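Please look through the sequence and the model below.

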Amino acid sequence: MAEEIVPISVLVQEARDVFRNEFQEEPDIAVFAPGRVNLIGEHTDYNDGFVMPMALPLVTVIVGKKIEGDESIIFTTNTGVDTSQRATIEMPNKNALIRAITPGGPKWSMYVKGVIANYIGDIPPAFKAVVHSSVPTGGGLSSSASIEVATYIFLDELTGPNSIMPTDKALACQKAEHDYAGMPCGIMDQFISLMGKKNHALLIDCRNLTSSLIPLSDSNIVVLITNSNVKHELTGSEYPTRRKQCQQAALIMKKVSLRDATLEDVNYLKSINADEDIVKRARHVITEIQRTSEAAQALKQMNFRRFGQLMVESHQSLRDDYDVSCPELDALVEAALEVEGVLGSRMTGGGFGGCTVSLVYAHVIDKVIGNIKKKYKGSPTFYICTPSDGAGKINELLQK
Ligand code: GAF
């Protein structure tokens with residue numbers, strides 16, 4: 001029914017086999033970084049707001065080793081839309097004032113290049129590596145952030161111990177995505193991929209980059225992710241537009257960001273006949289930040305029913321005010337909510353396709369999956385996920 005979650009140990013062995021095949025030698029470094037699902041707090045990270053994601057057991061693994069010379073060679077088992085599985089990277093010049101890498105090459109390699117260029121501290125040596133992932137590409141579960149963060153941790157292993165804060169590593173990976181992949185993302189995905197914790201959701205304050213863990217491990221409750229397996233073209237262009245609209249709203253309200261605004265400020269926007277889209281975007285962000293704070297309280301009190309209601313309100317707001325849902329995501333949410341025992345359901349991530357996340361009583365999980373399969377016109381895939389640990393090294397798995 002649901003997809004099998006491949007254990008990290010198996011992914012590492014698979015990646016090692018590919019490495020041996022490609023390079024006829026053994027890797028001596030293995031690292032992983034997870035994808036994420038956002039439980040609530042959507043499109044709030046770039047508005048200084050709160051988000052509440054959890055790290056997934058779906059991960060990107062990188063195995064590799066240091067080599068002599070200036071050129072790194074990377075092989076991926078998953079190319080996404082590209083056809084080329086191999087990329088070479090000219091490592092940055094140690095004497096250059098600005099650490100830049102020539103762009104170009106397959107899209108997946110841009111995430112790796114961007115992280116090398118933005119790596120904090122010593123310039124990493126050249127390396128050979130294999131990238132292998134169980135995070136579905138382009139499914140809204142942060143496959144790109146998991147490659148970036150895995151790359152960062154891999155470079156840490158190459159260069160040796162350092163005292164760089166995880167938040168600074170997350171910021172470096174975010175900059176990699178901005179500058180090398182051209183996606184002006186917020187900080188949520190890289191942050192949770194680094195700092196996720198088993199059996200916990202993470203409430204992140206994206207204004208001051210602090211976070212608090214909230215336990216999420218109740219044997220009666222299941223987090224169900226449903227991949228619509230659709231991705232509409234709008235994603236690339238609409239995300240920057242939403243960011244700009246939020247900045248415009250804050251500017252008109254004379255606020256640093258929408259984090260500082262209230263619904264009274266939305267009334268002010270209306271009173272001056274501000275553009276209707278601007279009003280709606282601001283209303284979503286302001287109410288979503290409130291919902292996320294309330295959801296954190298509900299989760300602390302293990303009030304899953306309230307948490308679920310807030311998820312539903314979040315979806316409605318994303319659909320009606322932020323205009324980032326699509327008929328497929330709406331249909332998945334609707335089909336999930338038809339089943340008694342589903343506490344909440346919403347689209348998750350940037351929108352325009354990708355996944356929904358539902359909070360479900362464990363005893364109705366088969367019923368929910370069955371109903372979605374019956375009602376949804378596409379071909380959905382399902383993942384039952386428990387909150388998992390953030391990125392780390394797993395070199396010992398290579399010894400086995
Ligand atoms: C994408 C972005 F990368 C995140 O930073 C966040 O803005 C999310 O969309 C929407 O909440 O995943």
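## The C-terminal domain record

UniProt, in an unreviewed entry, lists residues 296–377 as "domain: GHMP kinase C-terminal". UniProt positions are given in the numbering used here, feature names are shortened, and annotations may be inferred rather than shown by experiment. This span is 54% helix and 20% strand. Its end C-alpha atoms are 34 Å apart. Helices (H or I, at least four residues) and strands (E, at least two) are DSSP runs, numbered from the N terminus.

This is a predicted model: local features need pLDDT of at least 70, side-chain atom pairs count only at pLDDT 80 or more, and totals for chains, interfaces and linings use all residues. Residues are numbered from 1 along each chain as its sequence is written.

## Helix 10 against helix 11

Two packed helices are described by the angle between their axes and the distance between the axes. Helix 10 covers residues 327–337, and helix 11 covers residues 365–375. Their axes come within 8 Å and cross at roughly 135 degrees. That makes helix 10 oblique to helix 11. Axes are lines fitted to C-alpha atoms, for helices over the stretch in contact, and angles run from 0 to 180 degrees between N-to-C directions. Angles under 35 degrees count as roughly parallel, over 145 as roughly antiparallel, 65 to 115 as roughly perpendicular and the rest as oblique.

The crossing of helix 10 and helix 11 is right-handed. A crossing is right-handed if the near helix is turned clockwise from the far one by less than a right angle, and left-handed if anticlockwise. On helix 10, the contact residues are A331, L332, A335 and A336; on helix 11, they are V368, N371, I372 and K375. Contact means that the C-beta atoms, placed from the backbone, lie within 7 Å. By class, this contact has six nonpolar residues, one polar and one charged. Ala, Val, Leu, Ile, Met, Phe, Trp, Tyr, Cys and Pro count as nonpolar, Asp, Glu, Lys and Arg as charged, and the others, Gly among them, as polar.

## Helix 8 and the residue after it

How far should the 25 residues of helix 8 span? Helix 8 runs over residues 276–300, and at 1.5 Å a residue it should span 36 Å. The expected span is 1.5 Å times one less than the number of residues. The end C-alpha atoms of helix 8 are 36 Å apart, which agrees. Just after helix 8, M302 takes a positive phi of about 55 degrees.

## The N-terminal domain records

The unreviewed UniProt entry also lists residues 19–65 as "domain: Galactokinase N-terminal". That span is 60% strand and 11% helix, with end C-alpha atoms 10 Å apart. For "domain: GHMP kinase N-terminal", the unreviewed entry gives residues 111–197. Here the chain is 56% helix and 8% strand, and the end C-alpha atoms lie 24 Å apart.

## Helix 4 and its partners

Helix 2 (residues 107–118) packs on helix 4 (residues 166–181) at about 125 degrees, with the axes 8 Å apart. That makes helix 2 oblique to helix 4. Their crossing is right-handed.

Helix 4 also packs on helix 5 (residues 188–195), at about 140 degrees, with the axes 8 Å apart. P166, K169, A170, C173 and Q174 in helix 4 meet Q190, F191, L194 and M195 in helix 5. This contact has six nonpolar residues, two polar and one charged.

Methods: Contact = placed C-beta atoms within 7 Å.
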